[in-house]
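Please view the sequence and the structure together while reading.

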Amino acid sequence: MAERVIVTGAAGFIGSHVSERLIDEGMDVLGIDCLTDYYSPDRKRLHLRDLIKSDRFDFLERDLNELDLEEVLGGACCVFHLAAQAGVRSSWGAEFTRYVDSNILATQRLLEALKEHKEIKLIYSSSSSVYGDTKLLPMKEDHPLNPISPYGATKLSGEHLCELYHYNFGIRYVALRYFTVYGPRQRPDMAFSKFINSAFKGVRIEVYGDGRQTRDFTFVSDAVEANILAMKYDGDERIFNIGGGSRVSVLEVLDIIAEEMKTELDVKFIDREKGDVLDTWADTSRAKGELGFVPKVSLGDGIAEEIDWYRRYLQMGGGGVIGG
Ligand code: NAD
């Protein structure tokens, strides 16, 4: 019988790719997602389009804070926990409650349910935002953690919860700290999506700061591979940086997009947003040594794939009609 796994946030950007890969690996997947309206729920249904054709995929459109998780988890060997309220910039003010509900409370409920299912391993999707604005580069897993955004604080709380449930109850988990993931289906609030969308529509691109800020960009199939490796890992380390090895400035990204789309970009620089860090750069030697993680997709190839996907998405009526 095929192994059964659960993917929370299965209709999201990374979660839909993780689900597809697990099906390809021969697993039975239960996807859970409440299709929040942070970006278009119709766009999320589109992410599920191929998945729901598979008889290996079941989907529960439910909020993790409302489900009887103990019951749902029965028979699974692994939970890939990607559901979250993502996005640094909107995590200020009244919106913070969404971050607390989806990133802290839902994670705590999942861990409580796992107390009754200690055979199940949890793969927690964490973020480079737990490091904050540090001069210590490249970032290593044991560096100080000082998030500068409310979002980062909630992702770090999730890590702490995993660790303290591990310590007190023996819950097995791996936390993957992704560094800016991009590729087909990237969230519409993320920089590449916005740049590519503006370039297709010939409208001005707004860049926060002077464009010299750097990010370690990770292609989505590499982030997915890290999840598969984490599921198979039986060593003692629990926290891993997952970076694509392509640390470049936003200005360089704009050049690559302009060249790939054979167009000139109309760029306006606006104030840097509170919560945005200046630089990220992953030291992935632990992930390489323990998990065997080696990112494979170069930034040029990855951006070309994202542009290609976006072109098809627009042809289907996305980016306006479908939304997001
Ligand atoms: P996404 O918004 O596309 O996917 C998250 C999904 O979770 C959404 O479909 C949403 O509807 C669902 N969700 C939110 N709250 C829920 C709840 N309470 N119950 C059920 N479903 C809920 O985001 P993404 O970019 O795919 O991110 C996936 C994970 O990776 C998140 O945990 C995020 O914090 C983390 N992460 C992403 C990046 C990145 O660059 N995209 C970087 C670091 C970490």
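Within the shell around the ligand, β5 makes the greatest contribution, with three residues. Helices (H or I, at least four residues) and strands (E, at least two) are DSSP runs, numbered from the N terminus. The model is a predicted one, in which local features need pLDDT of at least 70 and side-chain atom pairs count only at pLDDT 80 or more, while totals for chains, interfaces and linings use all residues. Residues are numbered from 1 along each chain as its sequence is written, and side-chain values use heavy atoms, with hydrogens and water left out.

The shell residues comprise 14 nonpolar, eight polar and six charged; here Ala, Val, Leu, Ile, Met, Phe, Trp, Tyr, Cys and Pro count as nonpolar, Asp, Glu, Lys and Arg as charged, and the others, Gly among them, as polar. Of the 28 residues around the ligand, those that come nearest are D33, Y39, Y151, V181 and R187, a residue being near if one of its heavy atoms lies within 4 Å of the molecule.

An N or O atom in the side chain of Y39 is 2.6 Å from an oxygen atom of the ligand, and for K44 the corresponding distance is 3.0 Å. For R187, a polar side-chain atom lies 2.8 Å from a ligand oxygen atom. The protein covers 97% of the 830 Å² of accessible area that the ligand has on its own, by the Shrake-Rupley method with a 1.4 Å probe.

The loop between β2 (28-32) and α2 (41-47) holds S40. This residue, S40, is buried, with a relative accessible area of 15%; buried means under 20%, exposed over 50%, and partly exposed in between (1.4 Å probe, protein chains only). A polar atom of the S40 side chain lies 3.1 Å from the backbone nitrogen of D42.

Helix α10 (residues 299-315) has 17 residues and spans 24 Å from its first C-alpha to its last, close to the 24 Å expected at 1.5 Å a residue, the expected span being 1.5 Å times one less than the number of residues. Its buried residues are L299, G302, I303, E306, I307, W309, Y310 and Y313. Viewed down the axis of α10, these buried residues fall within an arc of 165°, so they line one face of the helix; the arc is that of the directions from the helix axis to the C-beta atoms. An α-helix has 3.6 residues a turn, so residues three or four places apart point the same way. On the other side of α10, D301 and Q315 are exposed.

Methods. A polar contact is a pair of N or O atoms within 3.5 Å; within protein, one must be able to donate a hydrogen and the other to accept it, and residues adjacent in sequence count only if both atoms are side-chain atoms.
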